[in-house]
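This briefing sets out selected side-chain and backbone features of the structure shown below.

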Amino acid sequence: MEEIKNNFIHDIIDEDLKEDPSIKIHTRFPPEPNGYLHIGSAKAIMINVETAKKYGGLFNLRYDDTNPAKEDTEYVESIYNDLCWLGAIPTGGVFYGSDYFDKCYEFAIKLIKDGKAYVCDLSADELKEYRGTLTEPGKESPYRNRSVEENLELFERMKNGEFPDGAKTLRAKIDMASPNMNMRDPAIYRIVHTSHHRQGDKWCIYPLYDYAHPIQDALEGITYSLCSLEFENHRPLYEWVIDNIGFEKKPKQREFARLNVTYTVMSKRYLRKLVETGLVDGWDDPRMPTICGLRRRGYTPESIFDFTKRAGVAKGYSIVDIELLEHCIREELNASAPRRICVAKPIKVVVTNYPEDKQEVFSLPNNPVDPDAGTREVVFTRELYIDADDFALVPPPKFFRLKPNGEVRLMGAYIVKYEDCITDENGNVKEIHVTADLESGNGNPVDGRKIKGTIHWLSAKNASPVTLMHYDRLFTIENVGDIPEGKTYDDYLNADSAIKIEGALVEPSAMNDDATRFQFVRSGYYVKDTKNPNTFNRIVGLKDSYPKK
């Protein structure tokens with residue numbers, strides 16, 4: 001079993017366990033089903049899963065479905081599928097915030113009876129005005145001192161649907177002069193006349209997250225509510241709810257810095273806009289930072305969790321280079337991916353001194369860094385294809401591929417020498433003629449001459465046509481959190497983030513092999529697309545610029 005490294009959260013837990021060794025660690029991941037999970041979600045999942053695993057505890061999936069206007073069963077199913085694919089199995093069970101609507105209502109009644117909640121008639125704009133500022137205290141609502149009986153009656157009428165959306169809220173009675181604005185009588189219930197994806201039309205009032213979340217944690221026996229740093233100022237309200245409802249076992253909220261990645265937007269609202277406007281091919285577009293997009297792109301669960309671990313668990317803000325994620329998958333696939341030949345821009349080569357009716361095979365390694373991966377046979381014939389980039393009539397300096405008066409090694413096969421070429425009316429090369437050193441086989445020339453260049457090739461009779469998709473970063477700005485005033489994400493969309501290459505050729509075994517990820521030699525790592533069976537998506541190129549440690 002892989003050792004789980006300590007972080008500051010584990011240090012907190014270790015100190016708590018010294019005081020009370022009987023604590024049974026129980027964590028949860030509470031996504032709102034209003035979009036698909038993204039790479040930032042993976043960090044929260046990893047932290048909660050590994051914390052539970054480290055201490056032999058349990059991990060829950062709980063859907064935060066308290067806002068019916070934005071939620072959908074599509075998102076519910078995608079979240080569960082993504083968790084399972086990541087290997088983050090909810091060992092403590094799968095729950096829904098809506099499972100606790102009755103209890104939330106019951107506890108709201110208790111708060112009203114205890115004089116700790118009241119029905120307020122202020123509008124949203126008025127609530128904002130009364131709330132005050134960071135430097136000025138808020139003002140008490142004129143409805144703050146309603147009697148318990150009036151509040152109970154009004155809250156019942158809210159539940160029965162007698163008031164329109166926004167007409168009233170139920171607010172916790174805390175402290176309008178608190179320096180923490182989250183404690184200035186926050187709303188804990190609002191009116192929303194919208195059908196719920198699971199509860200239907202049973203409710204027209206819904207608890208707000210800051211109220212519902214601690215109740216859900218306490219009822220499920222969660223010991224640590226681990227969440228991102230933006231909830232740190234909400235922690236006093238979390239504790240206020242737990243204390244004033246009177247839970248004996250009190251979960252603790254602790255916060256960590258969220259994952260920020262260069263060239264990456266993780267706003268679900270904006271990602272939804274990209275999908276709905278057709279700027280991307282759905283939530284699983286390989287350019288999207290969603291888990292399903294990364295999966296379709298070819299990333300593995302191991303590489304994603306490796307990335308989140310290397311990014312670290314800390315309290316301070318940081319932004320992680322996207323090249324670290326690319327390094328993680330490249331490192332994994334270098335060791336595991338079978339090698340195959342792909343000619344992206346085919347140009348025909350005729351080996352003029354090779355018999356037309358002859359065919360032979362050469363053995364190439366499936367993975368040079370893994371001897372146990374074995375070899376495969378590649379067919380050699382008179383007519384071949386090489387990549388157009390591997391030939392130049394007028395070569396630049398230090399061009400060690402095929403060129404006039406030059407020789408080159410065909411990978412794993414013969415050495416060939418340029419003889420002639422055929423061009424079209426525009427001067428474009430259509431066909432190249434070479435002669436082979438038929439004594440060279442796949443070894444060195446018998447006369448000892450040095451051949452500097454090696455290029456890949458495919459037999460014209462044994463090649464399968466495919467489409468290649470080359471993806472780049474979706475945005476051109478490195479830090480998407482630092483967009484200049486007056487600009488939006490739209491201004492930084494990369495017009496060249498998806499390049500389609502049609503007419504490429506691959507070894508037939510790449511189409512028939514059970515493997516889905518390959519290294520196309522000298523090109524990069526590719527994966528079969530899940531929607532288009534004859535398309536390969538480039539996961540990442542071969543070049544790794546991320547600094548090694």
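One aromatic cluster is formed by Phe 101, Tyr 105, Phe 155, Tyr 189, Trp 203, Tyr 206 and Tyr 211. The model is a predicted one, and a search of the whole structure finds 26 aromatic pairs in it.

**Aromatic pairs**

- One of the 26 aromatic pairs joins Tyr 209 and Phe 231 in a tilted arrangement, with 5.7 Å from centre to centre and 45° between the planes.
- This pair links distant parts of the chain, since Tyr 209 belongs to helix α7 (residues 209-220) and Phe 231 to the loop between β8 (224-228) and α8 (235-245), 22 residues apart.
- Phe 231 has a relative accessibility of 23% and therefore counts as partly exposed.
- Phe 520 and Tyr 526 form a stacked aromatic pair, with 4.6 Å from centre to centre and 25° between the planes.
- Phe 520 and Tyr 526 are both buried.

**Charges over rings**

- Lys 168 lies over the face of Phe 163, at 4.8 Å from the ring centre.
- Arg 473 places its charged end over the ring of Tyr 263, 4.7 Å from the centre of that ring.

**Cysteines**

- The count of disulfides comes to zero, where a disulfide would require two cysteine sulfur atoms within 2.5 Å.
- For Cys 84, the closest cysteine sulfur is that of Cys 292; the two sulfurs are 14 Å apart, which is too far for a bond.
- Cys 84 counts as partly exposed because its relative accessibility is 28%.
- For Cys 227, the closest cysteine sulfur is in Cys 104, and the separation of 17 Å is likewise too far for a bond.
- Cys 227 has a relative accessible area of 8% and is therefore buried.

**Helix packing**

- Helix α2 (residues 39-54) packs with helix α11 (residues 301-311) at an angle of about 80°, and their axes are 9 Å apart.
- The two helices, α2 and α11, are therefore roughly perpendicular to each other, because angles from 65 to 115 degrees are classed in this way.
- On the α2 side, the residues that meet α11 are Ile 39, Ala 42, Lys 43, Ile 45, Met 46 and Glu 50.
- On the α11 side, the residues that meet α2 are Ile 304, Phe 305, Phe 307, Thr 308 and Lys 309.
- In helix α9 (residues 268-276), the buried residues are Tyr 270, Leu 271, Arg 272, Leu 274 and Val 275.
- These buried residues of α9 pack against α3 (73-86).

- Gly 278 follows α9 and has a positive phi, near 75°.
- Asp 185, a residue other than glycine, also has a positive phi, with a value near 45°.
- Asp 185 is placed in the loop between β5 (169-172) and β6 (187-191).
- Asp 185 counts as buried because its relative accessibility is 1%.
- Asn 405 is another residue other than glycine with a positive phi, near 65°.
- Asn 405 is found in the loop between β15 (383-387) and β16 (407-410).
- Asn 405 has a relative accessible area of 77% and is therefore exposed, whereas Asp 185 is buried.

How values were computed: Residues are numbered from 1 along each chain as its sequence is written. This is a predicted model: local features need pLDDT of at least 70, side-chain atom pairs count only at pLDDT 80 or more; totals for chains, interfaces and linings use all residues. Side-chain values use heavy atoms; hydrogens and water are left out. Rings of Phe, Tyr and Trp (its six-membered ring) pair if their centres lie within 6.5 Å; planes under 30 degrees apart count as stacked, over 60 as edge-to-face and the rest as tilted. Helices (H or I, at least four residues) and strands (E, at least two) are DSSP runs, numbered from the N terminus. Buried means under 20% relative accessible area, exposed over 50%, partly exposed in between (1.4 Å probe, protein chains only). A charge sits over a ring if NZ of Lys or CZ of Arg is within 6 Å of the ring centre and within 35 degrees of the ring normal. Axes are lines fitted to C-alpha atoms, for helices over the stretch in contact, and angles run from 0 to 180 degrees between N-to-C directions. Angles under 35 degrees count as roughly parallel, over 145 as roughly antiparallel, 65 to 115 as roughly perpendicular and the rest as oblique. Contact means heavy atoms within 4.5 Å.
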